[in-house]
Amino acid sequence: MPGPRSVSISALLLVAVGALVLGRAEPSLAGDGNPALAAAATAPESGRLIFLGDCAFCHGSDASGTNRGPSLQGVGAADVDFYLSTGRMPVTEEVQDPQRKPPAYDGAEIAQIVSYVDSLGAGTGTPIPQVDLGTASLTDGGKLYTENCASCHSSVAAGGALTNGMYAPTLRPSTPTQIAEAIRVGPGTMPLFGTDALSDEQVNSIARYVVYLQHPEDRGGLGLSHIGPITEGMIAFVVGLGACLLIIRRIGTAVGD
Amino acid sequence: MARWTDDRLGSSAFAEEALNKVFPDHWSFMLGEISLYCFVILILTGTFLTFFFDASSREIVYRGSYAPLNGATVSEAYASVVRISFDVRAGLVMRQIHHWAALLFIGAIVLHLCRIFFTGAFRRPRELNWIIGVTLLILAIFNGFTGYSLPDDLLSGTGLRIAYSIALSVPLIGTWVAFLIFGGEFPAQQIISRLFVIHIMLIPALIIALLGAHLAILWRQKHTQFPEAGRTESNVVGSKLWPTYAAKSVGLFCAIFAVLGALGGLAQINPIWLYGPFDPAYVASPSQPDWFLGWVDGALRLFPAWEFRTGSFMIPNPFFPGVLLPGITFGLLYLWPFLEARLTHDYGPHELLDRPTDRPVRSAIGAGVLTFYIVLLFSASNDVIARMFQVPVLAMTVAFRIALFVIPLLVAYVVYRWFKAVKVAGAEGVMEVSLAQVLHPVAGEK
Amino acid sequence: MTEKRTATRLIAMSFTISTLASLGLLITYIVGGQPQVEGTLIALSLGGLAVGLIMWAHDLMPSGHFVEEREPHQSTAAERSSLTAEMDRSGDEIQRRTFLGRILVGALGVLGVAALFPVRSLGTKPGRTLFHTSWTPGARVVTGAGEPVTSTTLKVGSVLTVFPEGHTNAADSQTILLRVSASEFTPLPGRESWSPNGYLAYSKVCTHAGCPVALYQAEAKELFCPCHQSAFDVFDGARPIAGPATRPLPQLPLAIDSDGYLTAQRDFTQPVGPGFWNDPS
């Protein structure tokens, strides 16, 4: 029986589709040159349009939140940029722990939305961190990563299980900016680390180490998904002892031979 | 050559007897040899590693070719293993062959133990060799644990902390046991060097001595064999030691070495440079021990939050899965030949083996118990399974608790019915009975 | 005959492959080594030997149906009684002297016990070591790097591993410092002064088997241990709510001194970490 909720969702989808079509038209009007710059110039207005179309239903038309979604006023550019650039937002239904998926918007649009939402706050909230991998220390990054991140995200940034059906995600697809944003913002159930807890230099180092973990040094051969003793044990039995069993089966006789 | 030796030792008669000695050829009789040859390879590769490993917890600054650790403060033990892996020529392949060989060594012992169990080879007069064998299994597990704890990395150090807590949990003497083994409160500085002595000297010496006895007893008692044409309780049928059995055996050694060489060079194992050095205040998830201790870790995860208090004394939770369970496990293993003799009222000697289907009860018990430990082993990976299949981790714990009792009973029942049907029908093998025969066993022609 | 010739040829080929692979190993080593190449060449070298030897045994050597008779394991009755007689004869002097024998056994027994005592040198006396950590009244809270924590170091929703000043290597003193929203959090009775400005500190050593309880879920306010999946409720005195842990993580009473630095009021009120026989908690 279609209730008011399903009707509203259909209406939202219609509006969303319409807004997406409209919203997508904007950047192409900017012509050549840096689309992001040109877009940012008209950002508050085009960002506002996208926001009203795609986000307002849950977050409120003034981003002050509804019972479907939290307030975004004052969360800061880093928060919004993180959720949009990792595709966690927008979602078409309420979900406790939004997962990474292909972003719904391109870089220019994200910049516009971020600019708009940021303008709704009182200038509080975390700005988008400027990550400089060049000055970062891989060794410091490794130590800081082990101390602050590995317990949830694993030694090799593969992610991990938490309670309440939640997961610390894999960091394999993360960009340095996203890594820094997540550290500063603490999305979802992740704790956050402000500049007094981890300096910008330390965050740069962690980002550099995570980028390294995306292609770790596997001098020993096949990485076997870097899960650890579990896969090693399985391979020992299936491949190692399996091969040995085939060999002794070949060497020896069977009953009835 | 033979003359030279005979002039000094009078060895000709023994040599001839040895060369002519007959060994049965069944493939399952070579499982013990797999573990023996893995042990030889462990000693060869291990000796190489001892020349480069530094068993010291002293902190130094790592300077080597692995860039992400350059300038990091680590223990000398850890630094030496990173150096073996990156800066010692052939170091990494030796290290990896060594670790893969350890996993296969214990696995082959378990397979060999299963073969002995399911064919009844532990019966008189071989109870002594069974006892020696179970002891070898315990020693192998301990050596595996001490071995992978030597690099002092984050993963194995976590395991040492758990071992310390298990020692602490022993009633009355636990704190003393833990403090004496480790040298003080965790993490004492002495543990790595102590583990080194245990790992390269004490336990290998015991293993070599017991292996020697194990093989000498086998030599003296002669190998068992399956009841086939021409085989009786008073003969041995097979190949002679020289040249055939020796050639096959040396060939097997080379084959195992080849398998381990392939694994050691192509499949990365224990990449401690990715785990980082041990620090008692930090841990990474997931954290598992090597497979041969997975059953204990699984038990620690599954055992409910029960602790016992009497007055001002307590028996902490880890005691039950960490001390009691292994104690009962190996206690029952040791006692089994005597238990079975008593239960079957069969105290006589046996030189002929049972086909597993000849003994449905024993096989069912063995299969059920083996399944129990396999479920425990898989339970240690509950968090990895949860992450991989996006299932809540605590739900996995509950599922494994249920599985721990249901699946072994199910397996035991199925094995019992199946083997009973095979036995009753006089069938040649387990695949030679139909489902109908399993459900309603009918005596067949022999 | 041709079967044997084919077998001979194949065996020779296997041994040749093995030889070439071994030469390859030599060269690989000389030019600097590479693990994957080394492993593959070892496999080929030993594998060639294996295939050759096994084929030789299987196809060319005499096999299978040799028979050896078993002798009974026990010695004959004559041998057994001869042994008993010999033991009686030569052991007579020892067996007669029961008194000397008893004193000897006693002496050996006491020597054996005394010989075990050097084991005591292996470690320190547990004593009261497990009953306290390095936290003392007024000790400043510092990070692992030794930097003091102030009342503004952490934002709400943040987490840090901390130690008492001067004891950043004290494993038993590892503490997890959180900041929660003071308005959302109601301290347990008797602990109202322990969490100034929303700063909460719990021992990081899991009360189950001692792993660091390092996973913090800021929304659910849960501390989670990765080893055996114990979970602790941060808002309820770190009481265990899942997994095999039975006792809560001891809470460190905090204070903020006049310069704004976080300090401990005193040590934990219970032993930290896993239980032991005379653990009073």
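This is a predicted model: local features need pLDDT of at least 70, side-chain atom pairs count only at pLDDT 80 or more; totals for chains, interfaces and linings use all residues.
Residues are numbered from 1 along each chain as its sequence is written, chains are lettered from A and ligands numbered from 1 in the order in which they are written, and side-chain values use heavy atoms, with hydrogens and water left out.

**Exercise 1. Work out why chain C counts as more spread out than a compact globule.**

Step 1: Start with the parts list: chain C has five helices and eleven strands. Helices (H or I, at least four residues) and strands (E, at least two) are DSSP runs, numbered from the N terminus.

Step 2: Now compare two values. The radius of gyration of chain C is 36 Å, well over the 19 Å that the globule rule gives for 281 residues, so chain C is more spread out than a compact globule. The radius is taken over C-alpha atoms, and the rule is 2.2 Å times the number of residues to the power 0.38.

Step 3: Look at the box too: along the principal axes, the C-alpha atoms of chain C fill roughly 95 × 75 × 40 Å.

Step 4: Finish with burial. Of the 281 residues in chain C, 45% are buried; that means under 20% relative accessible area, with exposed being over 50% and partly exposed in between (1.4 Å probe, protein chains only).

**Exercise 2. Describe the contact between chain B and chain C.**

Step 1: Count the residues: 86 come from chain B and 71 from chain C. Contact here means heavy atoms within 4.5 Å.

Step 2: Next, the area. The size of an interface is often given as the accessible area lost when the parts come together. For chains B and C the buried area is about 6,500 Å², and carbon and sulfur atoms give 64% of it. This area is what the two parts lose on being put together (1.4 Å probe), summed over both.

**Exercise 3. Is helix α12 of chain B largely enclosed or open?**

Step 1: Check its residues, 294-302: nine of the nine are buried, so α12(B) is largely enclosed by the rest of the structure. Among them are Trp295(B), Asp297(B) and Arg301(B).

Step 2: Find the cover, which includes α7 (154-168), α13 (319-344) and α16 (393-425) of chain B.

**Exercise 4. Which peptide bonds in chain B are cis, going by Pro125(B) and Pro187(B)?**

Step 1: The bond from Arg124(B) to Pro125(B) is cis, with omega near 5°. Pro125(B) sits in the loop between α5 (91-118) and α6 (127-149).

Step 2: Phe186(B) and Pro187(B) are also joined by a cis bond, with omega about -10°. Pro187(B) is in the loop between α8 (174-182) and α9 (191-221).

**Exercise 5. Are Ser154(A) and Asn197(C) buried or partly exposed?**

Step 1: Ser154(A) has a positive phi of about 75° although it is not a glycine, and at 3% relative accessibility Ser154(A) is buried.

Step 2: Asn197(C), also not a glycine, has a positive phi near 55°. At 43% relative accessibility, Asn197(C) is partly exposed.
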